[in-house]
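Subject: Structure for your review

Dear colleague,

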Amino acid sequence: MASSTNQDKDDCLKRRMVPRGLQKLIEQCLKIYPDQTNPLQVTTVLKYWLGGQDPLDYISMYHNAGDPDKNIPPHWHYISFGLSDLHGDGRVHLPDTIGGLEPRSGMGFELTFRLIKPANCTDEKPPTWPANLLQALAKYVFQSGNRLCFGDNIPWRRSLDGKASSIQHMLIAEDPQMSRTETPFGWVDFLQIVGVTNEELEQASRWNGKGILNLLQKDPTTGGDWLITDMARSKSVFELFPETLRQLELDLEKEGSDLAGVNADFTFKELPKMINIKKEILDPEEEITKSISSCNIEIKKEFNDGLEHSGSSDMVNPFHHSQVPSRVSPLNGIELTLAPYAAKFLVLAIKDRIRHGRHFTFKAQNMAVTFVAESVTGAIVNRETPYGVLGYWVQILIPNSLIPKMLDAFSDLNKSTDNLKIPLTYEWPEHNLKFIIDNPPPELLNQQGPILA
């Protein structure tokens, strides 16, 4: 009896020592893995709040037996702890002041990853490279302030495990077993990293990440219901099932893309007002009615913070801060210089977004430029004043009559953009509009906002 009492006291003491936010997450894990109370774990030696570089305190690695009846193979399940608020005392995360009655805990999510076990695997120790991968993604989130969301895609441009593999990028899914968890410091979602091929990432960028995830779930060889990553997979879902690509192309042509913007290096400046072009050359409904430079972003990850994904044509400010001036400054014309790696998104913006009555944003650290279709509501530009700037946000109206001309001009960008002969210049004098594909001047990339003439 005394032994049982002492054990109860020890368990109570351990619970008191575990931070309350962490305790709730552990309890959620134990619902799935009741027999793995002490899983293998990667632990940060020097904690983030003590000056360490790794924001995740722990990454637990569980053995998941799968479910043969549902074609779910055995795999390793990695779960992070640290993107949410584990402690509640402000040492890492400040309390959520904008969540209303349902505040989020820290960033509002933790990351997970599922790695298939090779057939006849007898090694009981999981590889640790997925833990390093989750740690690297957590660093990006902490450094950039950009939260990850279901449907996001992450270009990694190298094998996730550092070896020879076709799995070189990631999509963000919802973990099929880990549901939203309420902690003393707010709610926490569990976002699962899913390894994908070059072609799958490319089509996720053109169409939408959620749609590609749905395709991957349809067959065990591409992840199955639980979207388990297999680093040995060499073919994309489109190579394995060619009919899916044909259907995707039809959907894109009919409905357009859900990708509303990407992060990209760019600069732009105002073009002087046209005075030598004959009046009859101009479209009378599209007369051009000041000067801008812009900035940079280091992480080339497609983003969704502040942008719609439902296909809505309503405009949403891409910046979270509320200090936006109310006065709109019209621009006479615009010369936009876009980094070569973002050139492919120029085609997507016009073909799969503007052509379908939507908008598309190239977002930098301190500036954003948005292409706007005529039917978009809530924009600061219109036919009479097609170019304007509001604070750090520049908008360019793309009139319907200009869309086919742009698509024709961009035909060379439909191919690979890896070996572009830059600079490439596209110009429409009758609209006082010029696009240049080139590396923006470094001295302009450090500007902290618009430079007005």
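Two strands count as paired if DSSP finds at least two bridges between them. With that term in hand, please look at the hairpin of S17 and S18, in which 4 residues lie between the strands. Within this hairpin, Asn 432 takes a positive phi near 55 degrees. Please bear in mind throughout that the model is predicted.

The hairpin and its sheet

Strand S17 covers residues 424-428, and strand S18 covers residues 433-437. The two run antiparallel and are joined by 5 bridges.

Which residues of S17 lie on its covered face, and which on its uncovered one? Leu 424, Tyr 426 and Trp 428 make up the covered face, whereas Thr 425 and Glu 427 make up the uncovered one.

S18 also pairs with strand S12 (residues 334-338), again through 5 bridges, but here the strands run parallel. In this pairing, Leu 338 stands opposite Ile 437 of S18.

The nonpolar cores

In soluble globular proteins, nonpolar side chains tend to be buried together. The largest nonpolar core of this model has 46 residues. Those with the most contacts inside this core are Phe 362, Phe 371, Phe 410, Leu 433 and Phe 435. Helix H8 (residues 343-353) supplies the largest share of the core, 7 residues.

Leaving aside neighbours within four places in sequence, the residues in contact with Phe 371 include Leu 346, Ala 349, Ile 350, Phe 362, Ile 396 and Phe 435. Arg 358 and His 359 are also among its contacts.

A second, separate core has 30 residues, including Leu 134, Leu 137, Leu 148 and Leu 160.

The chain as a whole

The chain contains 10 helices and 18 strands. Of its 453 residues, 51% count as buried. The chain exposes about 21,700 Å², and carbon and sulfur atoms supply 50% of that area.

Yours sincerely,
A colleague

Methods
Residues are numbered from 1 along each chain as its sequence is written. This is a predicted model: local features need pLDDT of at least 70, side-chain atom pairs count only at pLDDT 80 or more; totals for chains, interfaces and linings use all residues. Side-chain values use heavy atoms; hydrogens and water are left out. A nonpolar core is a set of buried Ala, Val, Leu, Ile, Met, Phe, Trp, Tyr and Cys residues joined through side-chain atoms within 4.5 Å. Buried means under 20% relative accessible area, exposed over 50%, partly exposed in between (1.4 Å probe, protein chains only). Contact means heavy atoms within 4.5 Å. Accessible areas come from the Shrake-Rupley method with a 1.4 Å probe; for residues, only the protein chains shown count as cover.
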